Amino acid sequence: MKTSCIIVEDIQIAADFLKKFCEKSDLVDVKGHFLNVEDALEFLDQHKPDLIFLDVEMPGANGFQLLDSLTYSPKIILTTSKTDYAFDAFQYHVDDYLKKPFTYKRFLEALQKIQDQPAPPPPPAASPAPPSASSDMDFLFIKADDKLVRLKKDDILFMESMRDYVKFVTPGKTYITYSTLKSMEEKLAGPSFLKVHRSYIININKIDDIRGNTIYVQGTPIPVGKGHKEELAARLNIL
Amino acid sequence: MKEIRSDRFVFHERLNAAFLEELFEGDTVYAETVFEDFLRDLPAYWEKVQASYQSKNMSLLGTNIHTCKTLFGYVGFTDLQELCQEFEIKCALNTAEALQMDFDILSGKKQDAQKIIENEYSRLKRFNEG
């Protein structure tokens, strides 16, 4: 029996290649091609294909946001033209990672890999974060300015999502690294850091004051998202 | 699928011929289709690149360059793909003014690439008809 799949890909040439490869392999049945995450999720509300070929960077929501929204555990093969997503791919338990453009041979290897795996991985939302070497340490390394920079966690004031990058703000310097806020949230799990908005994680030890829905960290206003107010209140030591 | 010819199509020296051989596996008819699609899609994507550069929306510029980068890969411009990758990273860290020289260089290379692919498409078409 063929593996049912969908393709989530905004670049037509890339999607056409995938369709051609699927057809040529005679192992995969393409049930649909979607140009964005929103349309794919609508389809996934009604259908449960075995496999998703998923681009990461697309207009609107990205591939990882689709993974966050899944309600079941299909096999996932990420298709992207960046290699920088390897860490995120690992975090999300994706089954393989194809760097575009990829050859038919590489495509077949990815299919082989998923067929060799007996059970689907747990859904990303329910799965615990894999152990991170940095989670118990008081520092972390980030890739910035073409080098690995050692950052003391206690020096971080806040982090801001910039689409595919995260900005780290410290008292003396700002660093931008290629990553996602979700990945940072998992790496920095602990009492000091809290996501207060979809675009911000703050170091709660660095809060100066809070006025309404705005937190001030060393003079910088940071919005508090509706869905984060309750947790923020619970984490603050309010007398 | 059309029968693959025994004589070999030799891609332009600027293209990564070894990679294209592997990608198309000698299927020059499909190569023709992809080159045609590239010529159809690139101008529209590049318009978005220019618009985001002019409006100094660096995040959007990075996203649009990312799309073009992928397209360049499918026609064998692997070096240009790398240049786009570098530019994409710079978009997250710099202003439009700071990237003017890089943008001009990239625009020039895109123009050259487009001309090469136009010629390659014509050659592929003739080869497949012949």
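Residues are numbered from 1 along each chain as its sequence is written, while chains are lettered from A and ligands numbered from 1 in the order in which they are written. Because the model is predicted, local features need pLDDT of at least 70 and side-chain atom pairs count only at pLDDT 80 or more, whereas totals for chains, interfaces and linings use all residues.

Chain A and chain B touch through 14 residues of chain A and 18 residues of chain B, two residues being in contact if their C-beta atoms, placed from the backbone, lie within 7 Å. On the side of chain A, the largest share, three residues, comes from helix α1 (residues 12-25). Helices (H or I, at least four residues) and strands (E, at least two) are DSSP runs, numbered from the N terminus. This side of chain A has eight nonpolar, three polar and three charged residues; Ala, Val, Leu, Ile, Met, Phe, Trp, Tyr, Cys and Pro count as nonpolar, Asp, Glu, Lys and Arg as charged, and the others, Gly among them, as polar.

Chain B has five helices and zero strands. Of its 130 residues, 35% are buried, that is, 20 or more other C-beta atoms lie within 10 Å of their own, with C-beta atoms placed from the backbone. Among contacts between residues at least 6 apart in the sequence of chain B, 62% join residues at least 24 apart. Helix α3 (residues 58-74) and helix α4 (residues 78-91) of chain B pack at an angle of about 170°, with their axes 9 Å apart. Axes are lines fitted to C-alpha atoms, for helices over the stretch in contact, and angles run from 0 to 180 degrees between N-to-C directions. The two helices, α3(B) and α4(B), are therefore roughly antiparallel, a term for angles over 145 degrees. The residues of this contact divide into nine nonpolar, six polar and two charged; among them are Phe72(B) in α3(B) and Thr78(B) in α4(B).

In chain A, an open sheet of three strands has the order β13-β14-β15, with antiparallel pairing; two strands pair if DSSP finds at least two bridges between them. The edge strands are β13 (207-211) and β15, each pairing on one side only. Four bridges join β14 (residues 214-217) to β15 (residues 220-223) of chain A. Ile215(A) has Ile222(A) as its bridge partner, and Thr214(A) has Pro223(A). The strands β14(A) and β15(A) form a hairpin with two residues between them, and Gln218(A) in the turn has a positive phi of about 45°.

Terms used: Buried ≥ 20, exposed ≤ 12 C-beta atoms within 10 Å, placed from the backbone. Parallel < 35°, antiparallel > 145°, perpendicular 65-115°, else oblique.
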